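Biologist: Please take a close look at one part of this structure, the open sheet together with the helices and spaces around it. I would value a single connected account.

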Amino acid sequence: MSFPLVCLGNPLLDLQSDVTPEYLQKYDLKADDAILVEEKHMPIFEEVLKMDNLNVVAGGAAQNTARGAQYILEPNSVVYFGSVGRDVYADKLNEANAKYGLRTEYQVQDDIATGKCAALITGSHRSLATDLAAANHFKETHLQKPENWKLVENAKFFYVGGFHLTVSPPAIELLGKHAAETNKVFAINFSAPFIPQFFKEPLDNSLQYVDYVIANESEAAAYAESHDLADKANDLEAVAKHVAQLPKANTKRPRTVIFTHGLEPTIVVTHDHTTGENSVKSYPVRELAAEKVKDTNGAGDAFAAGFMAGLVQGKDLDKSIDVGQWAAALSIQEIGPSFPFPKQTYA
């Protein structure tokens, strides 16, 4: 069976709750940020579990995107790789993914718990504190198992969450090289500002294989600051041009850089490495009445889901961007990074 889209990331159980700004200050957390927890942050998980407004969601950025893409696409279109524990939390992830029809091929750790993420909501902002646990132990050898590599060989599109750069750069390189050598589509999401800040080398090494880069404005600014482009940190188009023009392994495909910016227009730069030409476009976001917005957590993952689904369906860049914006608008009307049932279709 051929699954056209393969996704790779860090599967996490999201524990989402409303908190006060003072609660964030208690743990030196920032609104609209994402961190990997240190020892001082560990009490957060037990505290969140006891909160009255707790909402539990099967998460992890790339898994959100994989599930969203499968929501849009025909059955048996998406397979997701990551690492989990052998525990009830992994069971909850499988249950949530089954509802969407997402196939998972987890690497299962017998003695390490499934990872979790506290999504701390303050108004329209969210701060993510993540304990990777089992997700941090994915190995490229899992992809190389014959039954799994067959799924890779049969796929035409690959999507990697930037968070996985903290886990297994060799796995990303394995997929990237395969995509470049076989002229398949390879996409990556920066995922959080700390990725280009503190995992600069694995990110830079991976970008040579990337056809589509997806990021938001804060991630683009973090990239600029860590790559001697601080004077351009607030100029999304300039940063996008820089990334688009970086060396590329497969020059048969252009590189397209997509920077979302909340309610501001999405900036898209495409660079053709054979002609040296740039194409710059701006796409207004879909209008949505403020009272319809329930939760913006996972909006970027939903955009990536719609965009990748559009590519899989053979849609052009303009239409795929629009599917992404439709999916994001749909998701933020739900609680957590999820989509409504019965299923809605793109229009």
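Modeller: Helix α3 (residues 61-72) lies across β2 and β4 and runs at about 80° to β4. Helix α4 (residues 88-100) also lies across β2 and β4, running at about 85° to β2. Contact here means heavy atoms within 4.5 Å. The angles, on a scale from 0 to 180 degrees, are taken between N-to-C directions of axes, which are lines fitted to C-alpha atoms, for helices over the stretch in contact. Helices (H or I, at least four residues) and strands (E, at least two) are DSSP runs, numbered from the N terminus.

The model is predicted, with pLDDT of at least 70 required for local features and 80 or more for side-chain atom pairs, whereas totals for chains, interfaces and linings use all residues. Residues are numbered from 1 along each chain as its sequence is written, and side-chain values use heavy atoms, with hydrogens and water left out.

The strands β2 and β4 belong to an open sheet of five strands with mixed pairing, in the order β3-β8-β7-β2-β4. β3 (33-36) and β4 (55-59) each have a single partner strand and stand at the edges, so one side of each is left without a neighbour in the sheet. On average, neighbouring strands of this sheet are turned by 20° against each other, direction ignored. Two strands count as paired if DSSP finds at least two bridges between them. Strand β2 (residues 12-18) and strand β7 (residues 115-122) run parallel and are joined by seven bridges; S17 stands opposite L120 in β7.

A pocket is an open set of points on a 1 Å grid over the protein atoms alone, with protein on both sides within 12 Å along at least five of seven lines; a cavity is a set where a 1.4 Å probe fits but cannot get out, and lining residues have an atom within 4 Å of a point. Of the 13 residues lining the second largest pocket, D33, A34, I35, F194 and F198 lie nearest its centre. Both β3 and α8 (194-198) supply at least two residues of this lining.

The lining of the largest cavity consists of N64, R67, Y100, G298, D301, A302, S331, P337, S338 and F339.
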